[in-house]
Amino acid sequence: MFKVKMNYLLYIFITIYSLFIVYRASFGLIDDHIFLSTVFSGHSIPFFLSPEIGRFYPLDGQEYNLISFVSHSPVAFYLWNSLEYIIFAIVLFKIEEQLTGGSFRGRVYLFIIYVSFIGGMANLFLRLFVPERDALFFLTIALFFYIQFYYKSDRNWFYGILSLICANISLYYKEPMFILVGGFSFFHLLFDYKKGYKKINPLDVLWMLSSLIFLLIYYFVIFQNHDGSYYGQLTINKWIVHLKNSSLFFLTNPFILCLFIPFLIIRIYLLIRKRDRVNAMFDSMALSAAGYFLAIIVLNIYSPYYLMPLYLYAFFSVSYNLNIIKKIYPKLFFSCLGGFLFLAIFSAIPFGIHQFSVWKNVPNNFQQTVSFLKKYLDGKPVRVGIFLYGVNRNTGVEVYNSFGEFMQSENISTKKYDLKTDEVDNNILRKAKVYNSSPYSVFHQLKPQKITQEDLVVVGNFSQKEFNPKSFDAHYRLLFKSKSPIFNFGDYSLKSIVKYGVNKVIGKNNFVSDNIFNLPINFYVYKKIN
């Protein structure tokens, strides 16, 4: 009876969550402007290839080409995200049932609820051009069919082919996915061999060959043509960047840092000491997930969703090792669990709720702001300067570009306005994108421009400066304030407290944002009056 009730409660949770994904869906700053010059203009979204900075994730957004034949509404695009979430949750249950016969069922309940509230998941499903979402989704489907093929005595190739197709699709959504696909199949084949299995699993070989083909394509198409710089490369000392990124991963992904990694280290120790035997399935998942994690750390980049694809393997690894470690090293187990719970409650979940607030509100608030500016600029006799508060033209180059693209999509003539900045170029990004043909001063000016009378200042969530409305009272008049569709919730997590402490110790700087709580979530438009 309890199990049945839990099933219904989880189904209700998944339903509400999936409906929330499509609720008040809207297009936002950063990436969404890609639609304007592609599917909204009668063109297909191109394959994403950037050899000069080492990027190769060609399938990102390709699903939206198909959806655009039916509708251009943001609801239609987010409906795909919603369906992916539902299918991911259902298939996760099916995989657990195949592997353990339902003995991990309670852990699946807790995992789905927990992971649904962290920042990475909010980014995956409340944004559109996030390739990790599809990489995780297709890897989950691939693993489901892999298990169907592997554990069936007749080795039904219908399942094998479906697994191979989905595994290959996941490879071309995110570069490091070859580690999760090829790494898993390599270790699984190796462990099967070590256990004396004479019959090779052909799907392991095909998954490895697929990963090898991906690497060869990457080498000849991307690596041979890159210019020595890489995506997200900064001018700041790389060890300082490593420290910052590692700290952020630790604070926003405690499941990985407090459970998965420590449990894996203990697991390896137990295997070396021969206190346990290798489990080909779960240990292969663990080692390939660890490889993916190390790849992200070595690349020295951070975003809340970068680790999400490895959560699939990490969950089964943690679930498998949980009782083993609890029995052998109870004190160490409860220390890890305590650390996880502390960081989950005070860091990961508050940050996740903040990210939900951001990605559900900010796109709506931004579109409201564009609509207001269209009405305000209509009939203005002179070109109005628009400054984006706290946005540097180096690190915020895509904010300016996206803002301008959406303004032009509303048929607002660039003769009516000009995007400018009063910020000194911080030169943090080693290779910021250049827009030489842009009509906006921000992409051409060498020095910051002064905000003069009648200029507008737009304040939003993209600001790197702390926003205090009182500081605008003396010289500005508030013309517009957006209305968020749901609650506004700042980043009141442990991460922000750490950030505040760093700012206090080393002083305000360009590397650590002065906008501690990542506010406001509403948009404001001010006019300079004196």
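The legends below describe close-up views of a predicted model. Residues are numbered from 1 along each chain as its sequence is written, and side-chain values use heavy atoms, with hydrogens and water left out. Because the model is predicted, local features need pLDDT of at least 70 and side-chain atom pairs count only at pLDDT 80 or more, while totals for chains, interfaces and linings use all residues.

**View 1. The largest cavity and its lining.** A cavity is a set of points on a 1 Å grid over the protein atoms alone where a 1.4 Å probe fits but cannot get out, and its lining residues have an atom within 4 Å of a point. By this rule there are 2 cavities of 30 Å³ or more, and the largest has a volume of about 70 Å³, a volume being the space filled by probe spheres set on the points, which are joined across faces, edges and corners. Its lining includes Asp31, Asp32 and Arg127 as well as Tyr78, Phe129 and Trp359. By class, this lining has 8 nonpolar, 1 polar and 3 charged residues (Ala, Val, Leu, Ile, Met, Phe, Trp, Tyr, Cys and Pro count as nonpolar, Asp, Glu, Lys and Arg as charged, and the others, Gly among them, as polar).

**View 2. The second largest cavity.** The volume here is about 50 Å³, and the lining residues include Ile21, Arg24, Tyr78, Lys360 and Asn364. Helix α15 (residues 330-377) gives the most to this lining, with 4 residues; helices are DSSP runs (H or I, at least four residues), numbered from the N terminus. The lining divides into 6 nonpolar, 2 polar and 2 charged residues.

**View 3. Helix α8 against helix α9.** The axes of α8 (residues 157-171) and α9 (residues 177-194) come within 8 Å and cross at roughly 145 degrees, where axes are lines fitted to C-alpha atoms over the stretch in contact and angles run from 0 to 180 degrees between N-to-C directions. Ala167, Ser170 and Leu171 in α8 meet Met177, Phe178 and Val181 in α9, with contact meaning heavy atoms within 4.5 Å. The residues of this contact comprise 5 nonpolar, 1 polar and no charged.

**View 4. Asp134 in helix α7.** Asp134 lies in α7 (residues 131-151) and is buried, because its relative accessible area is 0% and buried means under 20% (1.4 Å probe, protein chains only). Leaving aside residues up to four places away in sequence, Asp134 touches Glu63, Trp80, Glu84 and Tyr173. A polar contact of 3.4 Å joins the side chains of Asp134 and Arg133 (a pair of N or O atoms within 3.5 Å, one able to donate a hydrogen and the other to accept it, with residues adjacent in sequence counting only if both atoms are side-chain atoms).

Note on methods. 1 Å grid on protein atoms, 1.4 Å probe; cavity = no way out; pocket = protein on both sides within 12 Å on 5 of 7 lines; lining within 4 Å. Helix = DSSP H or I, 4+ residues; strand = E, 2+ residues; numbered from the N terminus. Buried < 20%, exposed > 50% of the residue type's maximum accessible area, 1.4 Å probe, protein only.
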